[in-house]
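Please keep the sequence and the model in view while reading.

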Amino acid sequence: MMRFMLLFSRQGKLRLQKWYTPLLDKEKKKVTRELIQIVLSRQSRMCSFVEWRDLKIIYKRFASLYFCCAIEEQDNELLTLEIIHRYVELLDKYFGNAYFILDEFLIGGELQDTSKQSIPKAIEEADMLQETMEEYMAKPTF
């Protein structure tokens, strides 16, 4: 199970965070700060897997963003890299809310769907439903 996913820039600025296990905000900030420092200090040719506390940290850099996931010790590192890659592909196809895409792709830290076709379709359908609801709610009632 994935514990959390962080996206941050090369300058260490946090862009997205999704937590699948409950932590206090103070602990989240401490973990985030520590992991950003660890990942940014690593050489580009080093392995993308880091053992940290009782978790495995899997990260991958795309352009100027680092995608960083924490998984449990028994989970598969290569599958996590594939999840990161698929999420990046979905972000490339769909320019909507990154959290919404992540929530469609992973639920409770578990992969829900791997299809490159069905996830964007589900996201588009949810967008159309939301637009329809907004139009309906904006109509004046007599």
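The text below treats the strands and then the cysteines.

The model is predicted: local features need pLDDT of at least 70, side-chain atom pairs count only at pLDDT 80 or more, and totals for chains, interfaces and linings use all residues. Residues are numbered from 1 along each chain as its sequence is written, and side-chain values use heavy atoms, with hydrogens and water left out.

Strand β3 covers residues 49-52 and pairs with strand β4, residues 55-62, in the antiparallel sense through 4 bridges. Strands here are DSSP runs of E with at least two residues, numbered from the N terminus, and two of them pair if DSSP finds at least two bridges between them. The hairpin of β3 and β4 has 2 residues between the strands, and R53 adopts a positive phi near 50° there.

On its other pairing, β4 runs antiparallel to strand β5 (residues 65-72), and 8 bridges join them. In the hairpin of β4 and β5, 2 residues lie between the strands, and A63 has a positive phi near 55°. Residue I57 of β4 is the bridge partner of V50, and I57 also has A70 in β5 as a bridge partner.

The structure contains 0 disulfides, a disulfide being a pair of cysteine sulfur atoms within 2.5 Å. The closest cysteine sulfur to that of C47 belongs to C68 and is 13 Å away, which is too far for a bond. C68 is in no disulfide either, its nearest cysteine sulfur being that of C69, 6.8 Å away. C47 is partly exposed, with a relative accessible area of 41%, whereas C68 is buried at 0%. Buried denotes under 20% relative accessible area, exposed over 50%, and partly exposed in between, with a 1.4 Å probe and protein chains only.
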